[in-house]
Structure formats: C-alpha cells, structure tokens
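Student: I am new to this structure and would be grateful for a close look at a single part of it.

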Amino acid sequence: MIFSLGSMFRLTRAGFVLARAGVFSDIDPMMMPPAARAPLALAKLIARRGERRGLANLPAAISALGPSYVKLGQFLATRPDVVGPDVVEHLELLQDRMAPFPREVAVATIEAAFGRPIDRIFVSLGESVAAASIAQVHKGRVKDERGEREVAVKVLRPGVERLFRRDLGDMYFAAKLAERWIADVRRLKPVEVIDTLARTVKMEMDFRLEAAAASEFAENCAEDTDFRVPEIDWDRTAKEVLTLEWVDGVALSDIQALAAKGYDLQDLGRIVIQSFLRHAVRDGFFHADMHQGNLFVDQDGRLTAVDFGIMGRLGLNERRFLAEILYGFIRRDYRRIAEVHFEAGYVPRIHKVEDFAQAIRAIGEPIHSRTADQISMAKLLTLLFEITGLFDMKTRTELVLLQKTMVVVEGVARTLDPKLNMWATAEPVVRAWIEQNLGPIGKLQDAGRAAQTLGRFAAGLPAALLRAEGVLTQLEGIAEEGVELSDRAIESMGEASARGARLGHIALWIIAAVGLLLLLRR
C-alpha cells in the first residue's frame, strides 16, 4: 500500500510536469476515452500561459523527469503503434545526455567490480569524456603482454539500477491501472510495453552483455574491409565496467575534419548504407543506434562503430521479408512484395493479394518518378507500414526498430552525400543476399534445415507422446471428479478483488486531490 501511494505521488508529479509544459494542450478531448477527458481538462488548466505549447515541449519536459523517463521516451519512439506518429516525431529529438559524476566515484566502482586497486587495473584513468543516463566513458591506458595501449572505459552510473527499478515500478503501476480502468487502452497492452522496456534497460545495465554483443558483431564483420568493431578487453570487463579499444579517429559528425583529412565523403555515405544493410540482411544482427556520434573513421580509413548497448535482431524469415521487399521495389514488382507479406503470415488471408499489391503500387510508383536524391528508403518503409496497417498487419517490433534505425542511418549518409542514390547503393547488397539465399544454393540450405528440424522432431516424439498421455489422464480425472476450490481459496479471491477495487478508487481520489492542490498553488 505504501509503495502504491509512493508510485501515485511520483506519477502525479510526472503528469504535472508534462501538463505544466503544455504537452497536452493541443489534444482534442473528443479523441480521448471518456474517462480521460476530465484529467485532460485539468492538464490544460495547469499549462503555463504565454509560452509555446503542445508536443514541441515534450522532449524538454521528459528530460526534466530524469533518465528513466528519457529511456521510456526513446523506447516509445520505436512504437508509433502505441503513441502515434506525431508523438514519435518529437520523441526522436530526445538526447540522452547528463552531467558526469566525479572520477573518484568511477574509480570506486571499478575497484569494487574487480576487487583490486585502480593502479593494478589501469596504468592511468582520465576524466569523463562523455556521460549519459546509464553510464559515462573515460579514457584510460593499460599495460599487458602486448604492450601499453589506450582504452575506452565505460562505468555504470552509481545508484542508476535502484532509480530505474523504482521508476519502472511506477510505470508498471500506471500501466496496470490504465489497463484496468480504461478499456480503449487495453488493446495497446501498456504492461507489455513496460515489460519490454524493463528487459531492454536490464540488459543495457549489464556491460558483460554489451561486450558479448560487440564480440558477436565483430565476428560478423571480420571479413568486411571497410567496417570494423573495437576489440573488447575481457580481462577488464565486468557487470559495471566495460573496457574496449580506444578509437582514434574522426567522428562522422565532424564533416569539416573529414574533408580536411581527404576522406571521400560520397564513398563514406555508401559505406554507411551498405554496412547497415549487410548487418541487417546478411547477419540478422545490426547496430540499432548508428547516429553520427557513434560512428568514426579510423586512421586506416575504415568506418568504426562504438556503443553496443542497443542492438537489433532479425530472424531468417524477417531477413527474407526485408530483402524481398527492397528488391521488389527496386524492380517495381509490387505483386511479389504483396505475396511476401502473405507468405510471412503478416497480412491475414481475408484480404486479397491483388488489392494489397494495388495499395503498394500507390507507394512505389511516385518514388520512381523522383530524382535519386529525393528517394528515401526509410520513408518508403514508413509508408509501407502505414499501408499494411490498413490490411490488419500487426506491428512487428523488430521491423519497427529496423525502420527507425534506417531513418538514422539514411540521415547520416545524406549528411555525407546529399545526392546519394539509395536504390543504386542498396541494390548490390540486397541482390547478392537474394541470389545466395533464395537461389539454388539457398533452396539446398533450406532443405538441409528442414531435414534437421524433422530429425529433432522425430528424436523428441516418444517423450512428447508420453507427456501427452499424462495430460490426457489428468484431463479425464478432472472431467470425472471436477475441480474443487477450498473455502480458504475462495475467501482469498474475494479479499484480493475487494483490495483491488479499493486501491483503484483511492488512486483516483489522490491523483485528483494532488492535481487540485497543485492548481491552487499556482
């Protein structure tokens, strides 16, 4: 009960901050569920006067609420199905930047993680060079059998796990309350949204998992001549500390420095696009935070990525789906694009392939009439997802993350080469993968995978039959004797239901009272 009251007060404060910033001012009450109209009216009364209002204030308001809400905002920027495209457009402006914590605190964290003094781990450790909500990065030096070299040391922000645990608890409380009391919200499954966020944050705060992701990514890119991943220093990596090779290069955000070094900016734009597509289509494992600050050109002229906390995965079916869609648009084969959606099971069979192909043609034809520098592959996928929504295609989270990453990657490439021809750049990568995986060689590989699957199924069949027999026996017993509930179980169920009802009413009254109090104090 105390925990619930604490959650309600913190959520009320969060709502007040958003309302005060005028975030809700442009929302039409008639577009909201009846239960949300009274709180919306109160939020509009609280909004500051004489300033810009509306969603333009959303990034600043969320940043004021702290790192947990910044992470929530960045996560929701990948879920237009939940918050809508207009909100997503503003959430994408969120910057995960925070003031650094003292070097002494970082040293204490490192010493606690390894159980040794700092001078037995690093030759030197400098001040912070970058700080975000979960961690900050220091430049250090190490010495081992390979000699002395510079490293980047990522250190977990102290107290961040407790803070996120508390704030995620508040978000769970709000999501459960919304699902219970607002029928229109249930279809958005807010509890599942917070579940996904919680898993993502948990993985981001264990740097051993980030190191493993970087290691896997490096293995995938080992044969790539124009892209590389910094080497992980596993001896100096723990849950709270990640150590990897220092990248001595020029960030892609510094266009003037790249030009001064004599790098071919057009070629760099091509490398950015083709590298991303290779990782997504060829490997099914891609860097999902490829903004300019995470990409460098090293001294050998190779594109180098850093920060592997957010990675995306695509299964073989999703990779086929993506490759065939892109190749279908390149060849203007709209029927094949439609067929791919049906074959993947993304569009229900109640719709006709011909109708879906016609809708896709409405996207593709205008694109082919434009010049190369006006074609956006990311915009194409955005429009495609909008069309598929009309044909009852459910949102695929992994594809939305891919599309959002493609928006960022394309923006980076266009900064380097404003006239970049997206189709000509993408075509060699997509065509090579299709020839390898959907041609004769691919069909043989499919047959081999099918044989392996059948072999595993046959091996597990006897055990499955025994389990099925046990389940049938239990069902027969239930059918004959019925299911009995003890008096204590029935009593407990009644008490739980009553507690839930009381808690819901208390929550609504407290939120209303605090909101009124804040309004009177204005």
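Why are Glu435 and Arg431 separated by about one helical turn?

Tutor: The model is predicted: local features need pLDDT of at least 70, side-chain atom pairs count only at pLDDT 80 or more, and totals for chains, interfaces and linings use all residues. Residues are numbered from 1 along each chain as its sequence is written, and side-chain values use heavy atoms, with hydrogens and water left out.

Glu435 and Arg431 are about one helical turn apart because they are four residues apart in helix H19. Helices here are DSSP runs (H or I, at least four residues), numbered from the N terminus. Between Glu435 and Arg431 there is a salt bridge, with 3.9 Å between the closest N and O atoms. The term salt bridge denotes a side-chain nitrogen of Lys or Arg within 4 Å of a carboxyl oxygen of Asp or Glu. Arg431 counts as partly exposed because its relative accessible area is 30%; buried means under 20%, exposed over 50%, and partly exposed in between (1.4 Å probe, protein chains only).

Glu427 belongs to helix H19, which covers residues 422-438. Apart from neighbours within four places in sequence, Glu427 is in contact with Tyr327 and Ile330, where contact means heavy atoms within 4.5 Å. Tyr327 lies 100 residues from Glu427 along the chain, yet their C-alpha atoms are separated by 7.2 Å.

Asp267 and Arg270 both lie in helix H13 (residues 265-283), three residues apart, about one turn of the helix. Their salt bridge places the closest N and O atoms 2.8 Å apart. Asp267 is partly exposed because its relative accessibility is 31%, and Arg270 is partly exposed at 27%.

A further salt bridge links Asp206 and Arg208, with the closest N and O atoms 2.9 Å apart. Asp206 is buried, at 11% relative accessibility, whereas Arg208 is partly exposed, at 42%. The whole structure contains 32 salt bridges.

Notes:
Helix = DSSP H or I, 4+ residues; strand = E, 2+ residues; numbered from the N terminus.
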